[in-house]
Amino acid sequence: RKNFVEVHSIIDSTNSYLMRRLPNNVAHGQACVSEFQSAGRGRRGKEWISPFGSHLYLSMYWYLEQGMSAAMGISLVVGLAVSDVLQQRYALDVQLKWPNDIYVNGKKLAGILVELEGQSIGPGNCVIGLGLNINMPKQSAEKIDQPWTDLATELGDEIDRNVLSAQLIARISERLEQHHQFGLTPMLDDWQRQDFFYNKQVKLLTGEKETRGVCKGINSSGALLLEIDGKQQPIYGGEVSLRGA
Ligand code: BTN
């Protein structure tokens, strides 16, 4: 397949840009990158600090033919695709944190923001955003409130962002097509092999509510399996963190 890629120098947010083009001005698989984002967005309404030329800010539009019920799996599938590229092409040992963070050596390398538009039933529109740290400037590092890493640190080498973007776009499309055809089940083993929190004691924050449990992987709907008082329960939303951390 061919993906059309738009390259911007300055933009508010690559995700917002593609969302604004819905429903008629964007094609299935169309991608967009920018050198800079003035209003980069992370999950939970947080800012995604996006200094000029330092990182990768990438978004892709995907028409979700199989319906919005598949949306939960999308961020997991994209996480896997990113991890495939980092492992196969750059020999990095990658961990995945449900639902959509990418870790290397216990520190966050990349984050995924999936945004949806459409009714809960039937097909919908999906914009997938990926922010991947390449070479963190000092001034930006001071503003980040969690352990992070970048490719420069992990590889000790400069990488070509154009090549990396092309590899990511191709692999994300491939994985999303596999997901469309066969669902999440055939990917569960791949995901679980890299599960950062597997068998770890965690706390889950849902709004104000805090639940404690042990992570037991994910199920075929993409829900996190949390063992609470000896019973596994599927979790569809919330923020998971290591207990005591
Ligand atoms: C997270 O971990 O909170 C998700 C971060 C997602 C950031 C990317 S950068 C490209 C795209 N455009 C945005 O405004 N956000 C995503």
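Which residue in E6 is the bridge partner of Ile-102? Ala-110 is the one, sitting in E6. Keep that pair in mind, and keep in mind too that this is a predicted model.

Strand E5 (residues 101–104) and strand E6 (residues 107–117) pair in the antiparallel sense, with four bridges between them. Another of these links joins Tyr-103 to its bridge partner Lys-108 in E6. In the hairpin of E5 and E6 there are two residues between the strands, and Asn-105 has a positive phi near 50 degrees.

E6 also pairs with E7, again in the antiparallel sense, this time over eight bridges. Look for Ile-112, whose bridge partner in E7 is Leu-130. The hairpin of E6 and E7 has six residues between the strands, and Gly-118 takes a positive phi there, near 145 degrees.

Now zoom out. Seven strands make an open sheet, and reading across it you get the order E1-E2-E3-E7-E6-E5-E4, with mixed pairing. Strand E1 (5–11) and strand E4 (94–97) are at the edges with a single partner strand each, so one side of each has no neighbour in the sheet. From one strand to the next, the twist averages 20 degrees.

## Helices on the sheet

Helix H2 (residues 71–90) packs on this sheet and touches strand E3 (56–64), E4, E5, E6 and strand E7 (124–132). The direction of H2 makes about 145 degrees with that of E6.

Helix H5 (residues 161–182) lies across E1, strand E2 (31–37), E3 and E7, and runs at about 25 degrees to E3. Here's a quick check you can follow yourself: at 1.5 Å a residue, the 22 residues of H5 should span 32 Å, and the end C-alpha atoms are 31 Å apart, which agrees.

Which residues of H5 are buried? They are Leu-168, Ile-169, Arg-171, Ile-172, Arg-175, Leu-176 and His-179. These buried residues pack against E1, E2, E3, H2 and E7. An α-helix has 3.6 residues a turn, so residues three or four places apart point the same way.

In soluble globular proteins, nonpolar side chains tend to be buried together. Here the largest nonpolar core has 53 residues, and the members that touch the most others are Met-60, Val-77, Val-78, Val-82, Ile-128 and Leu-130. H2 supplies the largest share of this core, nine residues. The core also draws at least three residues from each of domain 1 (5–193) and domain 2 (201–242).

Take Val-77 as an example. Apart from its neighbours within four places in sequence, Val-77 is in contact with Arg-175, Leu-176, His-179 and Met-187.

Strand E8 (residues 201–206) pairs with E12 in the antiparallel sense over four bridges.

| Residue | Bridge partner | Strand of the partner |
|---|---|---|
| Ile-102 | Ala-110 | E6 |
| Tyr-103 | Lys-108 | E6 |
| Ile-112 | Leu-130 | E7 |
| Leu-205 | Glu-239 | E12 |

The chain is divided into domain 1 (5–193) and domain 2 (201–242), and their centres, taken over C-alpha atoms, are 23 Å apart. Where the domains meet, 10 residues of domain 1 are in contact with nine residues of domain 2. On the domain 1 side, H2 and helix H6 (188–193) are the elements that give two or more residues.

Is Trp-191 buried or exposed? Trp-191 counts as buried, because it has 20 C-beta neighbours inside 10 Å. Leaving out neighbours within four places in sequence, Trp-191 is in contact with Leu-76, Leu-80, Leu-96 and Ile-218. Met-136, on the other hand, is 55 residues from Trp-191 in sequence and 27 Å away in space, C-alpha to C-alpha.

Note on methods: Residues numbered from 1 in each chain as written. Predicted model: local features only at pLDDT ≥ 70, side-chain atom pairs only at ≥ 80, totals over all residues. Pairing = 2+ DSSP bridges. Axes fitted to C-alpha atoms, helices over the stretch in contact; angles between N-to-C directions. Contact = placed C-beta atoms within 7 Å. Core = buried A, V, L, I, M, F, W, Y, C linked by C-beta atoms within 7 Å. Buried ≥ 20, exposed ≤ 12 C-beta atoms within 10 Å, placed from the backbone. Domains from an automatic or database assignment. Expected span 1.5 Å × (residues − 1).
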